[in-house]
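Hi,

Here is the structure I promised to pass on. Please have a look, then read my notes below.

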There are 2 protein chains.
Amino acid sequence: MRIGELAKATGINVETLRYYERMGLLQSPARQVNGYRVYSQDAVERANFIRHCRALGVGLRDIMTLLNLASRPEADCNDVNHLLDEHIAQVRAKLESLRILEKQLVRLRNQCDIAHKVSDCGILREFVAAAHGEACTCHSSSDSAS
Amino acid sequence: MRIGELAKATGINVETLRYYERMGLLQSPARQVNGYRVYSQDAVERANFIRHCRALGVGLRDIMTLLNLASRPEADCNDVNHLLDEHIAQVRAKLESLRILEKQLVRLRNQCDIAHKVSDCGILREFVAAAHGEACTCHSSSDSAS
DNA sequence: GCTAGACCCTGTAGCTACTTCAGGGTCAAG
DNA sequence: CTTGACCCTGAAGTAGCTACAGGGTCTAGC
């Protein structure tokens, strides 16, 4: 199977597949005489594994770790647990900051419900006021989101 | 005020301030004879405005739009509303996918609560099974998060 | 006068996870 | 023999910074 077919079979972009190969996530496949990559069924599974992990927001480095662990059946499963726990913690932290962010944005949005001039816009006034406030107090307590 | 002082006053990194200048968010300030940047109080406010927006996850391009709008008091405030609405929608979409993600991760994590060998690890088995499943059905319904 | 250290400058590369582009080669069908 | 689909490599672009290299400037202390 060539790279285009692998792409179709896995739903992963051709370029992304080559990128994964460069990054060491996919082994360099055999080549035809013309230089085309030839993949086996193993590659499909490996690529799908990667895709599944990516859909869960797992980073490439961590996927690499998982792939290495998966290939050593005698390895200690604690590493997998640990990796997942960390990932869950990250996701929860992000969720929390996004929830706060949403509240702030909605509150901001409510400053200006009817269309009028920017000069009267509660939203921009809020922005500016917040900027002023920070400039005056000079010691912010909140941190950035994202 | 020099760039270091502006950095302290706003809590924005010196490098980031120069970056914002390169990106056109901050106007190129006056220079001393030795080439050092000199900032006015205006710059502090503008920089704080940017910082505030960034903390809300607003992208640099959108901040640019807001700054331009804010400088034209007669402009229509609807643009601000629209920008904010879009941003809120984005944040909500991200929240939703993160919530799903968290559930999936927690479910996955529960597959393997006691430390043992990778060969018996429910988590990795789940990953592999999911990859297999996707390979077989060949038409995924879920999309990626993040 | 001279040196250390803090600050400033520009320009460039690094980060993540890709995507896109330039500039080619290969192959099957018409 | 040409068209179009596919493949190749290597480099650059994306966002929003951060960090580094390799300098210049200024002030304080000896």
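The notes cover a helix pair and then the protein surface around a DNA strand. Keep in mind that this is a predicted model.

Helix pair in chain A

Two helices pack here: H1 (residues 3-10) and H3 (residues 41-55), both of chain A. Their axes come within 10 Å and cross at roughly 50°. The crossing of H1(A) past H3(A) is right-handed. On the H1(A) side, the contact uses A:Leu6, A:Ala9 and A:Thr10. They meet A:Ala43, A:Val44, A:Ala47, A:Asn48 and A:Arg51 of H3(A). By class, the residues of this contact are 5 nonpolar, 2 polar and 1 charged.

DNA strand D

DNA strand D is surrounded by 19 residues. The closest are A:Gly4, A:Arg18, B:Thr16, B:Arg54 and B:Arg61. Of the DNA strand D atoms within 4 Å of the protein, 79% belong to sugar and phosphate.

- A:Gly4 places a polar backbone atom 2.7 Å from a phosphate oxygen of DNA strand D.
- A:Arg18 has a polar side-chain atom 2.3 Å from a phosphate oxygen of DNA strand D.
- B:Asn34 has a side-chain N or O atom 2.9 Å from a phosphate oxygen of DNA strand D.

Which elements give two or more residues to the surface near DNA strand D? They are H1 of chain A, plus helix H2 (14-22) and helix H4 (60-70) of chain B. H2(B) gives the most, with 4 residues. The surface near DNA strand D divides into 6 nonpolar, 6 polar and 7 charged residues.

Best wishes

How values were computed:
Residues are numbered from 1 along each chain as its sequence is written. Chains are lettered from A and ligands numbered from 1 in the order in which they are written. This is a predicted model: local features need pLDDT of at least 70, side-chain atom pairs count only at pLDDT 80 or more; totals for chains, interfaces and linings use all residues. Side-chain values use heavy atoms; hydrogens and water are left out. Axes are lines fitted to C-alpha atoms, for helices over the stretch in contact, and angles run from 0 to 180 degrees between N-to-C directions. A crossing is left-handed if the near helix is turned anticlockwise from the far one by less than a right angle, and right-handed if clockwise. Contact means heavy atoms within 4.5 Å. Ala, Val, Leu, Ile, Met, Phe, Trp, Tyr, Cys and Pro count as nonpolar, Asp, Glu, Lys and Arg as charged, and the others, Gly among them, as polar. A residue is near a molecule or strand if one of its heavy atoms lies within 4 Å of it. A polar contact is a pair of N or O atoms within 3.5 Å; within protein, one must be able to donate a hydrogen and the other to accept it, and residues adjacent in sequence count only if both atoms are side-chain atoms.
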